[in-house]
Amino acid sequence: MRKKIVAGNWKMNMTFEEGQKLTSEIVNMFQDEAIQDVTVVLNPPFPHIHPVKKLIGDVPGIYLGSQNCSDKESGAFTGEVSAKILASFGVQYVILGHSERREYFKESNELLEVKVKQALAHGLTPIFCCGESLEIRMAGTHESNVKFQLTQSLFSLSPEDFSKVVIAYEPIWAIGTGKTATSDQAQEMHLALRRHIATKYGKEIAGNTSILYGGSANPGNAKELFSKPDVDGGLIGGASLKSRDFIDIVKSF
Ligand code: PEP
């Protein structure tokens, strides 16, 4: 049985106080509302890592993630944060390949392959983002485009390592735009990705891989999206900054 996961991507938002308040509210609601069988991952900006970890404590079901890690192991790389450092602070997940990093920081499929390997080498679970632009969707080549992202960045992993990766399908045209993919569009792509994974790693591994949807998911559309058989949860941007909205999404399975 694959995991149901809802991960919040705070992006470059939240002051120290705001992050503390948001985390406390999420942790309290998660416990008070007795949420079970869903893995929740909070992915704050780097400076929040330690204080957010303290607030999460050992509440079962809530995990800490980061939004990026370096492709390097350690050393003279000013401004970078390695997977090794993150792991030592109790980080368990890392978002890699978000379209904003691909676009603004020119992260290539090849670089992401190295980052994924760094993350896995230090026990972090990569949440590997993939997704097509509006142009590619209009041209009708979205499936092959997104499959190619997986092939290039992930298919050199051993079956054992691949089994640890979480995939997040995030159509770029739906991120932060208020324009959600329909649940049928999400299902179609998730199924295509699962079949693609099966061609390389077999049906069992493909069947156990969690594939999340991301792109303007909110409490109003999450239930419909999560009702699809190949949608195993969500990577949530804007709506992860409001505790009530985020928890309502977590409760949408
Ligand atoms: C994201 O940035 O991963 C995302 C899905 O953002 P939003 O939910 O705001 O579209």
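The model is predicted. Its protein chain has 12 helices and eight strands. The radius of gyration is 17 Å, close to the 18 Å that the globule rule gives for 253 residues, so the chain is as compact as a globular protein of that length.

**Overall fold**

- Along the principal axes, the C-alpha atoms of the protein chain fill a box of roughly 45 × 45 × 35 Å.
- Of the 253 residues in the protein chain, 44% are buried.
- When contacts between residues at least 6 apart in sequence are taken, 71% of them join residues at least 24 apart.

**Helix α9**

- Helix α9 spans residues 183–201, which is 19 residues.
- From its first C-alpha to its last, α9 reaches 26 Å, close to the 27 Å expected at 1.5 Å a residue.
- The buried residues of α9 are A186, M189, H190, L193, R194 and I197.
- These residues lie on the same side of α9, because they cover an arc of only 140° around the axis.
- An α-helix has 3.6 residues a turn, so residues three or four places apart point the same way.
- D184 and T199 are exposed on the other side of α9.
- After α9 comes G202, and the phi of G202 is positive, near 90°.

**Ligand shell**

- There are 13 residues around the ligand.
- Among these, I175, G214, S216, G237 and G238 come nearest to the ligand.
- Sorted by class, the shell around the ligand has seven polar residues, five nonpolar residues and one charged residue.

**Residue L157**

- L157 sits in the loop between α7 and α8 (159–162).
- Is L157 buried, exposed or partly exposed? L157 counts as partly exposed, because it has 19 C-beta neighbours inside 10 Å, while a buried residue needs 20 or more.
- In sequence, L157 and H122 are 35 residues apart.
- In space, the C-alpha atoms of L157 and H122 are 15 Å apart.

Terms used
Residues are numbered from 1 along each chain as its sequence is written. This is a predicted model: local features need pLDDT of at least 70, side-chain atom pairs count only at pLDDT 80 or more; totals for chains, interfaces and linings use all residues. A residue is near a molecule or strand if its C-beta atom, placed from the backbone, lies within 6 Å of it. Ala, Val, Leu, Ile, Met, Phe, Trp, Tyr, Cys and Pro count as nonpolar, Asp, Glu, Lys and Arg as charged, and the others, Gly among them, as polar. Helices (H or I, at least four residues) and strands (E, at least two) are DSSP runs, numbered from the N terminus. The expected span of a helix is 1.5 Å times one less than its number of residues. A residue is buried if 20 or more other C-beta atoms lie within 10 Å of its own, exposed if 12 or fewer, and partly exposed in between; C-beta atoms are placed from the backbone. The arc is that of the directions from the helix axis to the C-beta atoms. The radius of gyration is taken over C-alpha atoms; the globule rule is 2.2 Å times the number of residues to the power 0.38. Two residues are in contact if their C-beta atoms, placed from the backbone, lie within 7 Å.
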